[in-house]
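Here is a report on how the two parts of one protein chain meet. Look at the model first, then read on.

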Amino acid sequence: MYILYGGGVTRALAPQMVLEEGNLPYELRKVDITKKEHRAEAFLKLNPAGYVPALVTPEGDVLHEAAGIMLYLADRHGLTDLAPAIDDPLRGVFLSRLFYFTNDVQPSFKRTYYARRYALREEDILAIAAQSEAMVRDRWQVIEDQLAANGPYHLGERFSLLDIHLANWAAYGLRKPGDLLDDMPASKLLFDRVMARPKCGALLQALMDEISGFRQTMKR
Ligand SMILES: N[C@@H](CCC(=O)N[C@@H](CS)C(=O)NCC(=O)O)C(=O)O
């Protein structure tokens, strides 16, 4: 049994979708980041990085980093329909896309929510947020072009956890749920396909329903 700390409007949804797609038993423990529960002493003992998600493995190890957790789950449970095995020639493309997203897209995305952390002066916050949004679009466009040339999924005709990962971030959108997809048709096609999967679709829809109120609490 796994324990996933996250819930609410957080990227914990991405590993949760992998747990669901893989039919892996887990318990979800909600950490309310709007109440700063992720910085409470008890949670910091679990994950000193002070972020969600965190996953406690059946052996009691605590893992953090959403994408790393997703990959661990797929590899450990042989979910080769979600992650090509290490000797699969597609593994290289898979890792390249995964690391690109986590290193290049995610940080800019997060900065749109937490622009305040990057500002020395109050009056700079909105400009930092706007520039971060532009960076998300710029970096996402690389993926959009790859999908347009060789979609509908990141790995062509083959679905993988990369698509789950992208769908999670697409659901957030920048100003409202899904808005990034308005001018990204190939990403929209991918998103619609993930939404059509019963388990992922239900979780993503619940996330989008919850986002608007959350955004007002957290943004900037
Ligand atoms: N690099 C980590 C970052 C995790 C992260 O930033 N999680 C957000 C929720 S989506 C969080 O905990 N935010 C609270 C904060 O930054 O104070 C990952 O990808 O898992």
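The protein chain splits into domain 1 (2-76) and domain 2 (91-218), with bounds taken from an automatic or database domain assignment. This is a predicted model: local features need pLDDT of at least 70, side-chain atom pairs count only at pLDDT 80 or more, and totals for chains, interfaces and linings use all residues. Residues are numbered from 1 along each chain as its sequence is written, and side-chain values use heavy atoms, leaving out hydrogens and water.

The C-alpha centres of domain 1 and domain 2 are 19 Å apart.

| Item (domain 1 and domain 2) | Value |
|---|---|
| Buried area between them | about 2,200 Å² |
| Salt bridges between them | two salt bridges |

Buried area is the accessible area (1.4 Å probe) that two parts lose on being put together, summed over both. Of that area, 68% lies on carbon and sulfur atoms. Val9, Arg11 and Met17 supply 31% of what domain 1 buries against domain 2, more than any other three residues.

A salt bridge puts a side-chain nitrogen of Lys or Arg within 4 Å of a carboxyl oxygen of Asp or Glu. Arg91 pairs with Asp75 in this way, with the closest N and O atoms 3.1 Å apart.
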